[in-house]
Amino acid sequence: MQATHTPTPLPSLTLGGLLAAIAAKTPAPGGGAVASITGALGGALAQMVLSYSLGKKSLAPHEAELAQAMHVLGNARGLLLGLADEDAAAYGAVNELGRLPETDPRRIAEYPLAVEASVQVPLATAAACVDLLRLFARLAGITNRQLRSDLAIAAILCDAAVRASRWNVLVNAGSLPPAGQGRVMETIATLTAESGRLCVVVEGACSA
């Protein structure tokens with residue numbers, strides 16, 4: 001019996017290995033995983049801003065809020081990295097099952113679930129990144145001003161992750177049952193608009 005190959009979890013790869021995996025002629029990891037990783041990078045960069053803000057005397061009144069934000073960002077980074085792996089698995093399944101004949105029992109049983117996952121994962125990525133942007137908007141006025149460019153870049157990365165996730169939803173939503181397509185498209189449109197608005201707010205606060 002041939003051994004089944006289990007892909008290496010994306011968070012376990014070196015940066016060079018991750019880029020090579022993305023660049024390879026394979027269906028996954030692709031744009032969805034890249035979107036989640038981009039959001040995780042934004043969260044990590046915001047954590048750096050917090051690292052230079054915690055313990056700073058001038059920001060002492062905000063210490064508890066900053067510490068809580070550091071915890072939230074750590075959880076979000078782990079969530080987004082997990083979503084990158086989930087996206088790679090979901091799209092890999094869609095690609096594999098889509099090659100089977102439409103009458104194949106496995107395709108009939110598993111393909112609808114794989115398509116649903118290929119839409120829900122980028123939706124979850126977009127929602128998580130919008131939550132991060134809301135947090136960044138609060139942090140802009142209570143963090144180390146010397147790192148305001150880093151917080152602005154963190155916001156840009158998260159907004160890019162939402163916009164990228166929108167494309168993954170658009171590409172895959174067409175395979176959903178018609179009843180579910182409208183709801184999904186409305187949700188991603190709302191998230192994308194809110195992400196853009198919040199990114200402008202954060203960049204404006206960092207520029208002030």
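Visitor: At what angle do helix 4 and helix 5 pack?

Guide: Helix 4 covers residues 105–139 and helix 5 covers residues 148–173, and the two pack at an angle of about 160°, with their axes 8 Å apart. Helices here are DSSP runs (H or I, at least four residues), numbered from the N terminus. Axes are lines fitted to C-alpha atoms over the stretch in contact, and angles run from 0 to 180 degrees between N-to-C directions. Remember that this is a predicted model, where local features need pLDDT of at least 70, side-chain atom pairs count only at pLDDT 80 or more, and totals for chains, interfaces and linings use all residues. Residues are numbered from 1 along each chain as its sequence is written, and side-chain values use heavy atoms, without hydrogens and water.

Visitor: How are helix 4 and helix 5 directed relative to each other?

Guide: Helix 4 and helix 5 are roughly antiparallel (angles over 145 degrees count as such), which follows from their angle.

Visitor: Which classes of residue make up the contact of helix 4 with helix 5?

Guide: That contact has 19 nonpolar, five polar and one charged residues. Ala, Val, Leu, Ile, Met, Phe, Trp, Tyr, Cys and Pro count as nonpolar, Asp, Glu, Lys and Arg as charged, and the others, Gly among them, as polar.

Visitor: How many salt bridges does the structure hold?

Guide: Side chains of opposite charge can pair when their charged atoms come close. This structure holds four salt bridges (a side-chain nitrogen of Lys or Arg within 4 Å of a carboxyl oxygen of Asp or Glu). One of them joins Glu 110 and Arg 106, at 3.3 Å from N to O.

Visitor: Where do Glu 110 and Arg 106 lie?

Guide: Both are in helix 4, four residues apart, which is about one turn of the helix.

Notes. Parallel < 35°, antiparallel > 145°, perpendicular 65-115°, else oblique.
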